[in-house]
Number of protein chains: 2
Amino acid sequence: MIAEIIAVGTELLLGATANTDAQYISRELAAMGIFVYHHAVVGDNEQRLAGAVELAKTRADIIITTGGLGPTYDDMTKGAVAACFGLRLEPHRPSLDRIREYFSKLGRVCTPNNEQQAWLPEGCVVFDNSCGTAPGCAFESGGKHVIMLPGPPKELTAMLKTGALPYLAGLSDDVLVSRFVRFFGIGESAIENELREMMESAVNPTVAPYATDGEAYLRVTARAGTRDEAFEMTRPVVDKLLSMFPQFIYGVDVDSLESAVSGRLRERGKTLALAESCTGGLIAKRLTDIEGASGIIWGGVVVYTNSAKTELLGVPEALLRDHGAVSGPAAAAMAEGILARSGADYGLSVTGWCGGGQVPCRAMTEFQTSAGDAYIALAVKGGETSVKKVFVGHGRERGRTLAAGHALKLLLDELKSKNYA
Amino acid sequence: MIAEIIAVGTELLLGATANTDAQYISRELAAMGIFVYHHAVVGDNEQRLAGAVELAKTRADIIITTGGLGPTYDDMTKGAVAACFGLRLEPHRPSLDRIREYFSKLGRVCTPNNEQQAWLPEGCVVFDNSCGTAPGCAFESGGKHVIMLPGPPKELTAMLKTGALPYLAGLSDDVLVSRFVRFFGIGESAIENELREMMESAVNPTVAPYATDGEAYLRVTARAGTRDEAFEMTRPVVDKLLSMFPQFIYGVDVDSLESAVSGRLRERGKTLALAESCTGGLIAKRLTDIEGASGIIWGGVVVYTNSAKTELLGVPEALLRDHGAVSGPAAAAMAEGILARSGADYGLSVTGWCGGGQVPCRAMTEFQTSAGDAYIALAVKGGETSVKKVFVGHGRERGRTLAAGHALKLLLDELKSKNYA
């Protein structure tokens with residue numbers, strides 16, 4: 001089956017927002033084995049939306065629209081799309097009641113504009129909007145499946161998960177299971193090179209690579225009659241990947257390095273304290289992005305200057321003078337300093353030269369030689385301190401992300417390696 | 001003039017990346033007064049790309065493609081687009097020499113695939129690629145202007161700025177100047193409500209609102225015969241905005257709150273130390289994102305636990321017990337603690353309840369009542385400590401961003417208010 005995604009919204013054409021809705025939907029459709037050959041974006045304009053729908057009818061089996069379901073005058077997706085299929089809009093009682101109740105709870109008047117959100121194409125399947133007021137819907141007409149979803153990403157992702165994807169899954173008897181294999185320290189293209197044949201020949205399960213924030217992951221998706229069966233089908237693929245990239249895969253079906261670290265710390269009942277120089281609080285920020293961080297993250301210091309390293313961590317001035325602030329001994333002293341001050345189980349430190357600003361374009365070759373190094377140290381309560389030198393010289397933002405990633409990976413490896421009683 | 005943007009890349013249709021190129025281009029075109037009515041995305045497929053170009057010819061004066069200019073077999077944009085206009089590709093000598101030189105410098109062989117990047121439509125204007133190997137180009141044919149740009153965002157944004165926008169500007173005798181008016185503490189929609197009439201009636205200068213990461217900004221763009229003239233035309237609009245929103249506008253033509261704060265600190269020769277609880281290092285991270293931070297940011301602590309507040313900052317246990325860790329007295333003690341320990345000129349602290357995870361959908365009304373407060377304190381060397389209570393209760397990520405923003409804004413207001421000798 002072939003799908004086309006039509007986003008409706010003048011704000012997209014003005015560049016106020018990126019079309020992340022289309023990205024998110026495309027990713028889910030790819031995992032389901034549904035092909036997407038076109039994305040289109042039109043403004044809040046009935047005629048141009050109708051044109052896009054008529055065109056999509058000629059080249060897709062499934063047409064998914066995003067946006068234009070809300071209460072304002074420029075929200076006209078439902079009327080325009082229904083008209084393309086000769087359907088009328090009619091009020092959907094439960095949605096109408098829900099919208100009225102919502103306004104009554106807020107003590108506000110529910111205007112006709114707001115009620116209009118509950119008018120949907122006759123005979124459609126209605127998708128409840130758990131994050132907003134405008135419901136979405138799906139219908140089948142003339143052999144085409146049409147799905148209309150709201151534009152705000154939070155509403156869209158929720159409704160996709162609970163409404164649209166189950167609807168699409170219902171078009172087939174199969175069940176899909178996706179596993180996520182997360183990598184650190186190897187790029188998407190290097191993984192692709194290794195796995196090109198596997199990825200191209202894989203039909204069920206499929207294997208697709210993605211990259212985010214200096215990390216890469218593979219999504220392994222199997223289709224079968226039951227969830228258990230599909231899960232079992234992913235197993236040999238995941239096992240093969242684990243055996244091929246043991247040093248790079250940090251987790252399967254985890255969200256991120258920081259959530260893998262948090263999970264292990266919680267499991268072990270251990271606490272962590274941080275001493276960051278070049279990463280400037282990024283590791284603390286990432287770990288405390290996760291709820292319940294206060295049980296495992298004691299806290300940390302951002303010791304950007306030598307004076308802060310000495311004052312907050314007791315790193316001897318002489319050590320900084322003799323070895324430099326970006327050195328293995330400095331990293332070790334920082335990790336041991338925060339371990340001693342905090343009483344936590346682990347002290348993790350980073351010091352480095354995380355790239356000077358943006359990668360200077362044009363001077364690509366020069367840049368490659370002036371790249372920065374970073375030192376990471378992990379001090380373990382009642383144990384040893386290990387130091388690792390890593391290469392992070394690819395521009396400031398990327399360098400910091402890499403340095404933070406290497407530090408989290410070092411701790412994760414330590415947490416995995418020990419047999420805690 | 002009407003423009004259409006066609007993005008070429010199977011990775012977009014698989015959802016591996018969002019179409020940020022189209023967003024970036026659209027924003028620039030909007031500022032130039034060029035209308036965009038359609039975005040289209042097609043995969044690396046000659047036939048579908050040709051179809052998109054033929055369609056765009058019927059409804060746009062300017063066709064901009066992104067992606068598919070590289071050296072791999074699936075990069076076929078130039079050939080397909082040139083064919084739509086009956087043009088041949090021919091080698092562009094300077095580009096060919098540059099690509100060969102690049103490979104020779106790297107000590108690698110320049111394959112025919114790589115040389116093919118220098119083949120461009122006959123008679124086109126060539127745009128040098130300062131961040132990669134594939135040049136872009138523009139040509140005029142049959143009354144249509146066609147511009148081809150590379151897909152990688154870093155290459156695209158650089159070439160847009162140095163190549164494509166000047167080319168488009170050259171189609172008119174006018175010069176454009178954009179000013180950016182940055183807001184904190186007021187939402188995009190609240191600004192729009194206040195300014196709807198002004199924005200809708202504004203033709204030259206235009207006024208367009210944007211939102212990013214809990215902040216909003218207005219872009220004021222004027223068109224005139226000279227740069228000075230255009231700049232002068234923006235002045236009354238910017239002045240009017242400054243008089244309408246004195247408490248919300250933190251800067252004009254600055255990049256962000258953190259860069260405004262950094263700039264002022266540098267100007268005054270002052271240093272800052274941070275004590276963060278709920279923001280978990282986010283303020284330190286944002287300030288150290290900016291180059292040269294080590295001259296003005298002494299460092300900071302992430303004191304997530306009470307023990308860290310006491311150990312690292314000397315906040316008395318009794319104070320935490322009596323007032324709680326999320327309280328004005330705790331914030332003040334944190335700011336004063338880091339000021340004393342650092343010897344910096346300012347100590348800035350945040351403690352708060354930055355929202356518990358994602359905004360719980362469906363329970364929208366409940367959420368509004370269980371929202372979190374945060375306390376911000378600023379301790380000034382040889383001066384007073386001020387404490388401010390702010391409301392940040394909109395989910396963890398948003399709450400932390402808001403709390404960090406309020407803290408930066410408090411410091412910025414202090415830096416602006418004083419007449420330093």
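Two strands count as paired if DSSP finds at least two bridges between them. Keep that rule in hand for this tour of a predicted model.

**Stop 1: the edge of the sheet that spans both chains**

Select V125(A) and A138(A). V125(A) stands opposite A138(A), which belongs to β7(A). Now widen the selection to β6(A) and to β7(A), residues 136-141: 3 bridges join these two strands, and they run antiparallel.

Next, show the strands of both chains. The sheet is open, has 12 strands and has mixed pairing. Its order is β6(A)-β7(A)-β8(A)-β3(A)-β1(A)-β2(A)-β2(B)-β1(B)-β3(B)-β8(B)-β7(B)-β6(B). Which strands stand at the edges? They are β6 (125-127) of chain A and β6 (125-127) of chain B, each of which pairs on one side only. On average, neighbouring strands of this sheet are turned by 15° against each other, direction ignored.

**Stop 2**

Colour the model by chain. Chain A superposes on chain B by a rotation of 180° with 0.0 Å of shift along the axis, at an RMSD of 0.1 Å. That is the relation of a two-fold axis. Both copies use the same surface: 100% of the contact residues of chain A recur in chain B.

**Stop 3: β1 of chain B**

Move to chain B and select β1(B). Is this strand enclosed or left open? Of its 7 residues, 6 are buried, so β1(B) is largely enclosed by the rest of the structure.

Look at its partners in turn:

- β2(B) pairs with β1(B) in the parallel sense over 7 bridges. Pick A7(B) to find its bridge partner in β2(B), V41(B).
- β3(B) also pairs with β1(B) in the parallel sense, over 5 bridges. Pick I6(B) here, whose bridge partner in β3(B) is T65(B).

Then show helix α2(B), residues 20-32. α2(B) lies across β1 (2-8), β2 (35-42), β3 (62-66) and β8 (144-149) of chain B. This helix runs at about 165° to β1(B).

**Stop 4: a buried alanine and a covered helix**

Select A118(B), in the loop between α6 (112-115) and β5 (119-121) of chain B. Is A118(B) buried or exposed? Its relative accessibility is 0%, so A118(B) counts as buried.

Show what surrounds this residue. Leaving aside neighbours within four places in sequence, A118(B) is in contact with K78(B), E90(B), P91(B), H92(B), S95(B), L96(B) and I99(B). For scale, select R179(B) as well: A118(B) and R179(B) are 61 residues apart in sequence and 37 Å apart in space, C-alpha to C-alpha.

After α4(B) comes G86(B), which has a positive phi, near 65°.

**Stop 5: a second sheet in chain A**

Return to chain A and show β9 to β12. They form an open sheet of 4 strands in the order β10-β11-β9-β12, with antiparallel pairing. β10 (206-212) and β12 (249-252) are at the edges with a single partner strand each, so one side of each has no neighbour in the sheet. Neighbouring strands are turned by 25° against each other on average, direction ignored.

Select β9(A), residues 175-183: 3 bridges join this strand to β12(A), and the two run antiparallel. F183(A) stands opposite I249(A) in β12(A).

**Stop 6: two crossing helices**

Finish with α10(A), residues 257-268, and α16(A), residues 396-417. Their axes come within 9 Å and cross at roughly 30°. The crossing is left-handed.

Show side chains. Residues of α10(A) in the contact include L257(A), V261(A) and L265(A), and those of α16(A) include L408(A), L412(A) and L415(A). By class, the contact has 8 nonpolar, 1 polar and 5 charged residues.

How values were computed:
Residues numbered from 1 in each chain as written. Chains lettered and ligands numbered in written order. Predicted model: local features only at pLDDT ≥ 70, side-chain atom pairs only at ≥ 80, totals over all residues. Heavy atoms only, no water. Axes fitted to C-alpha atoms, helices over the stretch in contact; angles between N-to-C directions. Contact = heavy atoms within 4.5 Å. Left-handed = near helix turned anticlockwise from the far one by under 90°. Nonpolar A, V, L, I, M, F, W, Y, C, P; charged D, E, K, R; others polar. Least-squares fit on C-alpha atoms with pLDDT ≥ 70 in both. Buried < 20%, exposed > 50% of the residue type's maximum accessible area, 1.4 Å probe, protein only.
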